[in-house]
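Please open the structure in your viewer and keep the selection tool at hand. The tour below goes from stop to stop, saying what to select and what is there.

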Amino acid sequence: MSQPLAAPLSPKQDTAVPANAEPRPEVAVSERDRRYMTLALEAAESARAAGEVPVGAVLVRGDEVIATGFNHPIGGHDPSAHAEMAALRAAAQSLRNYRLPGCELYVTLEPCLMCAGAIMHARIARVVFGAHDPKTGACGSVVDAFANRQLNHHTEVAGGVLATECGDTLKSFFAHRRQTIRAEREAAAAASAACIPHQPV
């Protein structure tokens, strides 16, 4: 990363679950889960403000927020700079330990395989995500990395917490980006047309 982001996260474009996927069943949402997912949504806004895909993450131990993270692979010139990775890195530095047992990770978008691997290596006890990711989701939408019982660490996973809010955050970002790109193309076309000299009749 080009700068330390104690408050850093993962792009995905559509939050609907594909018909052929077998996502984990939704769980009853507790007030505690809502509270921390709301904080993750606030972290996602930091990504949006930086022009990155708005995904946010919060890492909690007990009732203490240890670290937050937001998606910033573009600004950080770092393909691994997803929200979950940023939060894990910040938490490990804060606790001075690469293992984070007993911690829970809240993230607004279903983790990808890269993040799932890091979550398992960090020994995270529980992952709670908001919107499903039908492109790269590794908690059941595409694959379910956490369901493999051969692995030596088993993380509890809950999905769909504030899914509508998390999904809308992503949808509005991509809608605005498409609108901006369209406007830029139209402006470029108009400028090009204005530069073409009129031919005499």
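Throughout this tour, a residue is called buried when its relative accessible area is under 20%, exposed when that area is over 50%, and partly exposed in between, computed with a 1.4 Å probe on protein chains only. The model is a predicted one, in which local features need pLDDT of at least 70 and side-chain atom pairs count only at pLDDT 80 or more, while totals for chains, interfaces and linings use all residues. Residues are numbered from 1 along each chain as its sequence is written, and side-chain values use heavy atoms, with hydrogens and water left out.

**The whole chain**

Begin with a cartoon view of the protein, which has five helices and five strands; these are DSSP runs numbered from the N terminus, with helices (H or I) of at least four residues and strands (E) of at least two. Followed from the N terminus on, the elements run α-β-β-α-α-β-α-β-β-α. Of the 201 residues, 47% count as buried.

**The annotated positions**

Next select His82, Cys112 and Cys115, which an unreviewed UniProt entry covers with the annotation "binding site". These three span 34 residues in sequence, yet no two of their C-alpha atoms are more than 9.2 Å apart, so they gather at one spot. UniProt positions are given in the numbering used here, with feature names shortened, and such annotations may be inferred rather than shown by experiment.

His82 lies in the loop between helix H2 (73–76) and H3, and counts as buried because its relative accessibility is 9%. Cys115 belongs to helix H4 (residues 113–121) and is buried as well, with a relative accessible area of 0%. Which residues does Cys115 contact, leaving aside its neighbours within four places in sequence? They are His82, Glu84 and Met85, where contact means heavy atoms within 4.5 Å.

Look for Glu84 in helix H3 (residues 83–95), where it counts as buried at 0% relative accessibility.

**A buried aspartate in a loop**

Move on to Asp133, in the loop between strand E4 (126–131) and strand E5 (156–159). Is Asp133 buried or exposed? At 0% relative accessibility, Asp133 counts as buried. The side chain of Asp133 reaches the backbone nitrogen of Lys135 at 3.0 Å, and also makes a polar contact with the side chain of Thr136 at 2.7 Å. A polar contact here is a pair of N or O atoms within 3.5 Å; within protein, one atom must be able to donate a hydrogen and the other to accept it, and residues adjacent in sequence count only if both atoms are side-chain atoms.

**The nonpolar core**

Now select Met37, Leu59, Leu88, Leu100, Leu105 and Ile124, the residues with the most contacts inside the largest nonpolar core, which has 47 residues. Such a core is a set of buried Ala, Val, Leu, Ile, Met, Phe, Trp, Tyr and Cys residues joined through side-chain atoms within 4.5 Å. With residues up to four places away in sequence not counted, Leu100 touches several others, including Leu59, Leu88 and Ile124.

Ile66, in strand E2 (residues 64–70), is buried, with a relative accessible area of 13%. Among the residues that Ile66 touches, beyond four places in sequence, are Leu59, Ala91 and Ser94. Ile66 and Ser94 stand 28 residues apart in sequence, and their C-alpha atoms are 7.4 Å apart in space.

**Two helices side by side**

Select helix H1 (residues 31–49) together with helix H5 (residues 163–195), whose axes come within 10 Å and cross at roughly 10°. Axes are lines fitted to C-alpha atoms, for helices over the stretch in contact, and angles run from 0 to 180 degrees between N-to-C directions. H1 and H5 are therefore roughly parallel to each other, a term for angles under 35 degrees. Met37, Leu41, Glu45 and Arg48 in H1 meet Glu165, Cys166, Thr169, Ser172 and Phe173 in H5.

**Last stop**

Finish at Leu162, in the loop between E5 and H5, which is buried, with a relative accessible area of 11%. Phi of Leu162 is near 55°, a positive value in a residue other than glycine. Most residues other than glycine have a negative phi.

Definitions and conventions: Angles under 35 degrees count as roughly parallel, over 145 as roughly antiparallel, 65 to 115 as roughly perpendicular and the rest as oblique.
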